[in-house]
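Reader: I am new to this structure. Please pick one part and take me through it closely, step by step.

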Amino acid sequence: MDLILNFTHTYSQDWINANKELKLIDCSNIEGTDMYCTAEAEELLFKKLSQYPLDGIHFIDSGNYHYITEIFTKRINEPYNLVFFDNHTDMQTTMIPDILSCGSWAKQVIENDSNLQKIIMIGPEENAIKKINIPNPDRLVCISVDELCAQKELLQNMLCGKFADTDMSLPLYVSVDKDIMSREYARTNWDQGIISLEMLKNMLEYIYGVLHACGGRAIAVDICGELPLKETSVMEAVEAERINRRTNQDLYEFLKALALTN
């Protein structure tokens with residue numbers, strides 16, 4: 001089922017109305033969710049989201065709520081891989097032990113989820129990747145923005161090499177933070193990368209193609225990277241909504257078509 005998680009009212013009602021297949025889930029009244037997710041909030045979110053099928057395309061608000069990926073993947077009861085696109089590693093060590101956050105969720109998944117086989121991380125800078133400290137680095141494949149730019153003309157060859165040791169016959173969960181893209185394609189509340197929407201789509205198309213060829217399936221896709229209205233001026237909000245709406249619609253239609261053809 002395709003979902004919109006509403007934490008900050010950033011998605012316009014016009015866009016929601018234009019996409020009847022998207023089910024709006026109101027999360028705005030749950031306390032303790034912004035950037036850091038308390039144990040109480042995590043339990044409430046897990047219960048609320050568990051009412052809906054896991055499969056589909058899920059829009060999950062701003063990058064402050066990227067930890068929702070961890071809550072979704074907790075419901076996967078079989079070996080799987082995770083691909084996530086992000087300008088950040090999201091593998092920080094939190095100051096508050098064991099608390100879920102937008103900056104640490106990927107570290108918690110790779111360290112604690114026994115069903116996870118590999119994370120393929122795409123988009124952070126090489127220097128940020130070098131700072132990752134996890135006890136099981138064999139479960140992590142990294143593709144830096146530096147590599148993406150250097151191998152732009154040979155993108156599929158580079159991806160083929162990076163995915164060579166990943167069992168793509170396993171189910172795959174995909175997560176996209178739009179902050180991997182430049183401001184031409186997304187307006188977020190975090191520092192952004194330089195990837196174009198077309199390059200992101202090319203990578204997604206390659207991944208879905210390999211998955212299909214290997215007999216695997218995509219479990220679900222989530223997309224974050226909106227700009228919360230409270231963090232910007234009215235003029236900036238109008239421009240951000242226009243750009244993010246265009247990219248969200250493009251990605252939504254593209255991913256739906258990929259799911260049908262692969």
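Author: Start at L204. Setting aside neighbours within four places in sequence, L204 is in contact (heavy atoms within 4.5 Å) with F85, V174, L251, F254, L255 and L258. This is a predicted model: local features need pLDDT of at least 70, side-chain atom pairs need 80 or more, and totals for chains, interfaces and linings use all residues. Numbering starts from 1 along each chain as its sequence is written, and side-chain values use heavy atoms, without hydrogens or water.

L204 belongs to the largest nonpolar core, a set of 44 residues. A core joins buried Ala, Val, Leu, Ile, Met, Phe, Trp, Tyr and Cys through side-chain atoms within 4.5 Å; buried means under 20% relative accessible area (1.4 Å probe, protein chains only). F59, F85, I122, L148, M203, L204 and I207 touch the most other members. Helix 8 gives the largest share of this core, with 10 residues. There is also a second, separate core: its 40 residues include L49, I71, F72 and I132. In soluble globular proteins, nonpolar side chains tend to be buried together.

Now helix 8 itself. Helices (H or I, at least four residues) and strands (E, at least two) are DSSP runs, counted from the N terminus.

Take strand 7. Strand 5 and strand 7 run parallel and are joined by six bridges. In strand 7, L116 is the bridge partner of Y80. Strand 7 also pairs with strand 8, again in the parallel sense, over four bridges. There, I120 has V141 of strand 8 as its bridge partner. Six of the seven residues of strand 7 are buried, so strand 7 is largely enclosed by the rest of the structure.

Strands 9 and 10 come next. Strand 9 (residues 172–177) and strand 10 (residues 218–224) run parallel, joined by six bridges. S175 stands opposite D222 in strand 10.

Leaving out residues up to four places away in sequence, H66 touches S175 and D222, together with I60, F84, D86, D90, C102, W105, D177 and C224. H66 lies in the loop between strand 4 (56–59) and helix 3 (68–73). Its relative accessible area is 0%, so H66 is buried.

Two of those neighbours deserve a stop. D90 is in the loop between strand 5 and strand 6. D90 has a positive phi, near 55°, in a residue other than glycine. D90 is buried because its relative accessible area is 7%.

W105 brings in helix 4. Helix 4 spans residues 105–112, and six of its eight residues are buried. The buried ones are W105, A106, K107, Q108, V109 and I110. Their cover includes helix 3, strand 5, strand 6 (100–101), strand 7 and strand 8.

One last stop lies elsewhere in the chain. H9 is in the loop between strand 1 (3–6) and helix 1 (13–18). H9 is not a glycine, yet its phi is positive, about 60°.

How values were computed:
Buried means under 20% relative accessible area, exposed over 50%, partly exposed in between (1.4 Å probe, protein chains only). Two strands pair if DSSP finds at least two bridges between them.
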